[in-house]
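Q: Could you walk me through how to read a few features from a set of coordinates?

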Amino acid sequence: MPNKLYRFVRFIGVPIFKLLYRPTIIGSENIPSSNRVVLAGNHTHNFDCALLISSTKRTIHFLAKDELHHSKLGWFFKSMATIPVNRRTKDKEALNSAIDVLNKDSVIGIFPEGTFSKDGNLLPFKFGAVVMAQRTNSAIVPFSITGKYRLFKKGITITFSKPYFVKGDLEKENEILREKVIKLIKDCEK
């Protein structure tokens with residue numbers, strides 16, 4: 001259940017974000033309205049979290065670099081349902097926190113690249129999304145973000161694919177997820 005600050009920021013922020021950036025949202029019906037789900041896709045900009053939040057009415061718990069929690073705005077990020085991740089190690093505490101969220105039939109938002117690419121090319125995926133999905137029997141909904149954030153102009157698009165479940169070897173499943181995101185990106189760029 002989101003706290004009051006999250007609900008307030010969402011109530012005010014989503015309409016403002018949509019007015020400023022006019023995102024195109026495709027396939028949001030693929031995000032289940034209940035049950036546990038991992039939203040996983042490419043990372044292009046600091047505004048990507050706002051774009052995801054604008055795409056569903058469900059509360060999204062994001063995995064976010066721990067530096068945000070230790071900044072002057074740390075109180076804000078803690079209030080916004082983020083889970084801090086130490087990207088310098090394999091952070092088991094962050095993984096366990098995310099698994100706890102999923103076990104409560106909630107939504108995790110994750111950018112498996114771990115950061116956004118400086119040259120626009122998709123980086124290798126870390127295993128967090130598929131590990132969480134497998135351990136909690138959560139659906140994964142792949143997404144792609146294409147285009148640019150431009151004030152008062154259409155330019156940014158987020159596309160959601162159909163949900164699926166992780167079935168086998170994590171290395172193979174991680175590559176399947178990455179290939180699904182690549183296909184979404186290529187389909188949007190046509």
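Q: Leaving aside its neighbours within four places in sequence, which residues is Ser-55 in contact with?

A: This is a predicted model, in which local features need pLDDT of at least 70 and side-chain atom pairs count only at pLDDT 80 or more, while totals for chains, interfaces and linings use all residues. Residues are numbered from 1 along each chain as its sequence is written, and side-chain values use heavy atoms, with hydrogens and water left out. Contact means heavy atoms within 4.5 Å, and on that basis Ser-55 is in contact with Ile-25, Ser-28, Ile-31, Ile-158 and Phe-160.

Q: Is Ser-55 buried or exposed?

A: Buried means under 20% relative accessible area, exposed over 50%, and partly exposed in between (1.4 Å probe, protein chains only). Ser-55 has 8% relative accessibility and therefore counts as buried.

Q: Which residues form a salt bridge, and what are the distances between the closest N and O atoms?

A: Side chains of opposite charge can pair when their charged atoms come close. A salt bridge is a side-chain nitrogen of Lys or Arg within 4 Å of a carboxyl oxygen of Asp or Glu, and the structure holds two. Arg-36 pairs with Asp-105, the closest N and O atoms being 3.1 Å apart, and Asp-187 pairs with Lys-183, where the corresponding separation is 2.8 Å.

Q: How many disulfides are there?

A: A disulfide is a pair of cysteine sulfur atoms within 2.5 Å, and by this rule the count is zero. For Cys-49, the nearest cysteine sulfur is that of Cys-188, 19 Å away, which is too far for a bond.
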